[in-house]
Amino acid sequence: MQSAMALSFSQTSFTRPNHVLGSTASVFSTPKSLRFCGLRREAFGFSPSNQLALRSDRIRTQSSGFQVSASASSNGNGNGAPPKSFDYDLIIIGAGVGGHGAALHAVEKGLKTAIIEGDVVGGTCVNRGCVPSKALLAVSGRMRELQNEHHMKSFGLQVSAAGYDRQGVADHANNLATKIRNNLTNSMKALGVDILTGFGSVLGPQKVKYGKDNIITAKDIIIATGSVPFVPKGIEVDGKTVITSDHALKLESVPDWIAIVGSGYIGLEFSDVYTALGSEVTFIEALDQLMPGFDPEISKLAQRVLINPRKIDYHTGVFASKITPAKDGKPVLIELIDAKTKEPKDTLEVDAALIATGRAPFTNGLGLENVNVVTQRGFIPVDERMRVIDGNGTLVPNLYCIGDANGKLMLAHAASAQGISVVEQVSGRDHVLNHLSIPAACFTHPEISMVGLTEPQAKEKGEKEGFKVSVAKTSFKANTKALAENEGEGIAKMIYRPDNGEILGVHIFGLHAADLIHEASNAIALGTRIQ
């Protein structure tokens, strides 16, 4: 791989299919453009558009008297036939990164586009997720380095005791979110996307209501309403001492001792922040091991580096059956039960508790009943092309759902990729997204990143389909750049089929892991083979 640093897998070489790229140049080349919560277009096999600027003057020429003949038929749900002329080619409900990416791509394709937002542009990722969390993690990374006297001395540097201003750190996160939110808003306005304010819902086939009583029509509709923090039963959130990630990102306090319920991406990143700022952390994990969902080998090394040396302890195989906020001078009370037997196990008294048990789809009030759609555990059912499926198992014409609301892969990268895929379809090009090519990253120090299957998942697939699995590994201890940074703790592993060279998964723990994984993502998306 070639990126900010190079990782060499022994006895492997890479080729791309000629029919995809027209060359066999290494897939692991330095990105030519920065990405923001989404895959670069090359990952889809799209050629870069030379019409990025279907500018607002071109879009406005379509704004008056625009008509498209209806292609859908009524669902027979009492809402009547779909309109025969439309206000827009495409309406997107939700202006998070998925909706934003779809809107920009739609404009590039010449579609008259509107996006509806009932809260603020940017959605969870920009306002309550990816962006502010990365700001806090930037602070924690610097604090961690400055506090490590041995590490600094190894560079010949002498640094006095490092401190921080809590409000200044919080302001940094908030200011970054504001800046990115404004950038997203301005980018859509500049290209002629109509930004409509108000809660949006589906009124019927190809018909949307937003705000109080505004009704508009479109040939195609995308639902991109995202998700909210999931809080299990028995947990009382007060926003002060028992909090979700939404509250934690405001950094209104840095508790001496905080319990984090869940040790996935969200929990791990916040443990990095809180321990760097001086907190003690206790993980509460329902499964028998920490960091479920990560490749086991990566998880084992990451635990040795990210958890064991820090002020972190943990309880595994337990549920937090009840959490009571601090009040009247009493601490936060956490009652633990065995995850399997449900027998009481322990009671913890801590200063604060962060609920990091995942996210739930935000799909209530969307008018789905008007098109006979029934959610499944809150998720909107879709097929492999993100087309919405109604309660009878029939596709709803011209209605799509992307991102967390459909539950296929709850990542900002996935929402962006799905949005672009849908726009390709409504523009006349059939496209099915390969979700195994969507990367994920945990921005701890060091970082963890992954794409595709874990080693156990790949072996299970191999047993079912009758193929063997091989693994190629490389250590960061053999990498000059990592050693120059005194960051030799790390590993990269590639999981592949030796019979045909198909890459099944890549997992990295170490310096710049989040940057490196995008090249592996491109390799999987483009069908790169190992020789």
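**Exercise 1. Work out which hand the crossing of α5 and α9 has.**

Step 1: the crossing of α5 and α9 is left-handed, meaning the near helix is turned anticlockwise from the far one by less than a right angle; clockwise would be right-handed.

Step 2: who touches whom? On the α5 side, the contact (heavy atoms within 4.5 Å) includes Ser133, Leu136 and Met143; α9 brings in, among others, Phe270 and Val273.

Step 3: sort the contact residues of α5 with α9, and you get six nonpolar, four polar and four charged. Here Ala, Val, Leu, Ile, Met, Phe, Trp, Tyr, Cys and Pro count as nonpolar, Asp, Glu, Lys and Arg as charged, and the others, Gly among them, as polar.

A quick word on the model: it's predicted, with local features needing pLDDT of at least 70 and side-chain atom pairs pLDDT 80 or more, while totals for chains, interfaces and linings use all residues. Numbering starts from 1 along each chain as its sequence is written, and side-chain values use heavy atoms, leaving out hydrogens and water.

**Exercise 2. Find which strands pair with β19, and in which sense.**

Step 1: strands pair if DSSP finds at least two bridges between them. β7 (residues 214-223) runs parallel to β19 over three bridges, with Ile223 partnered by Cys401.

Step 2: β18 (residues 387-389) is antiparallel to β19, joined by two bridges; Ile389 bridges to Leu395.

Step 3: five residues sit between β18 and β19 in their hairpin, and Gly393 in the turn has a positive phi of about 80°.

**Exercise 3. Explain why β19 counts as largely enclosed.**

Technical notes
Buried < 20%, exposed > 50% of the residue type's maximum accessible area, 1.4 Å probe, protein only. Helix = DSSP H or I, 4+ residues; strand = E, 2+ residues; numbered from the N terminus.
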